[in-house]
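Here's a quick tour of the model on screen.

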Amino acid sequence: MKYYHQLFRHNPEEGKYGDCYRTCIACLLDMKPGEVPHFMNTDNYEEGDSHSQEWLAERGLCRITISYPGSYMLREILNTVHHLNPEKAARYMMTGKGARGVNHTVVCFRDKIEWCPVIGKPKKFKDALVGPAECPNEDLWFVHFIGKLV
């Protein structure tokens, strides 16, 4: 896997939406961020999510997402993913709230945050994710795996 920093920082007041999500997908697929569409270049999450699933499907891939309640601690989720998949570990993405106070996606491996598209390799988890993602009805953590369509 090659690591990349995101191309756009989140600043919706200036019409710029951060591209951490597409950057993480690019890292997992060994692509450059510019080769993956900026799905979340909007404040409409559902639209961006739909476009990302379509783009992945065109490549024979899909995203599998598991949500965890916001009451869970980050360490609990990382440990759970690693415990359930200890031998043949796969890299995956995780979405929560970033240090800048907006929803943010990072790359994880086993029980660690391996790469943050803003700061690079985090020294501590709290450098990359500080809490669950803010969602309309409740705060949630999201773990995303990219897999092959059957």
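First, a working definition: buried means under 20% relative accessible area, exposed means over 50%, and partly exposed is what falls in between (1.4 Å probe, protein chains only). Helices (H or I, at least four residues) and strands (E, at least two) are DSSP runs, numbered from the N terminus. What you're looking at is a predicted model, where local features need pLDDT of at least 70, side-chain atom pairs count only at pLDDT 80 or more, and totals for chains, interfaces and linings use all residues. Residues are numbered from 1 along each chain as its sequence is written, and side-chain values use heavy atoms, with hydrogens and water left out.

**Overall layout**

The protein has three helices and six strands, in the order α-α-β-α-β-β-β-β-β from the N terminus on. Its C-alpha trace spans about 40 × 35 × 30 Å along the principal axes. Of the 150 residues, 41% are buried. Contact means heavy atoms within 4.5 Å, and among contacts between residues at least 6 apart in sequence, 56% join residues at least 24 apart.

**Helix H1**

How many residues of H1 are buried? Eight of its nine, so the helix is mostly covered. Among them are Cys 20, Cys 24 and Cys 27. The cover over the buried residues of H1 includes H2, E1, E2, E3, E4 and E6. Thr 23 sits in this helix and counts as buried because its relative accessibility is 0%. Leaving aside residues up to four places away in sequence, Thr 23 touches Tyr 4, His 5, Gln 6, Leu 7, Pro 33 and Pro 117.

**The pockets**

A pocket here is an open set of points on a 1 Å grid over the protein atoms alone, where a 1.4 Å probe fits, with protein on both sides within 12 Å along at least five of seven lines; lining residues have an atom within 4 Å of a point. Grid points are joined across faces, edges and corners, and a volume is the space filled by probe spheres set on the points. For the residue classes, Ala, Val, Leu, Ile, Met, Phe, Trp, Tyr, Cys and Pro count as nonpolar, Asp, Glu, Lys and Arg as charged, and the others, Gly among them, as polar.

| Pocket | Volume | Lining classes |
|---|---|---|
| Largest pocket | About 840 Å³ | 16 nonpolar, eleven polar, eight charged |
| Second largest pocket | About 150 Å³ | eight nonpolar, three polar, two charged |

The largest pocket is lined by 35 residues, with His 10, Tyr 45, Val 102, Asn 103 and His 104 nearest its centre. H1, H2, E2, E3 and E6 each supply at least two residues of that lining. In the second largest pocket, E5 gives the largest share of the lining, three residues.

**Two positive phi angles**

Asp 30, in the loop between H1 and H2, has a positive phi of about 55 degrees although it is not a glycine. Asp 30 counts as exposed, at 55% relative accessibility. Arg 110, in the loop between E3 and E4, also has a positive phi, near 55 degrees. With a relative accessible area of 33%, Arg 110 is partly exposed.
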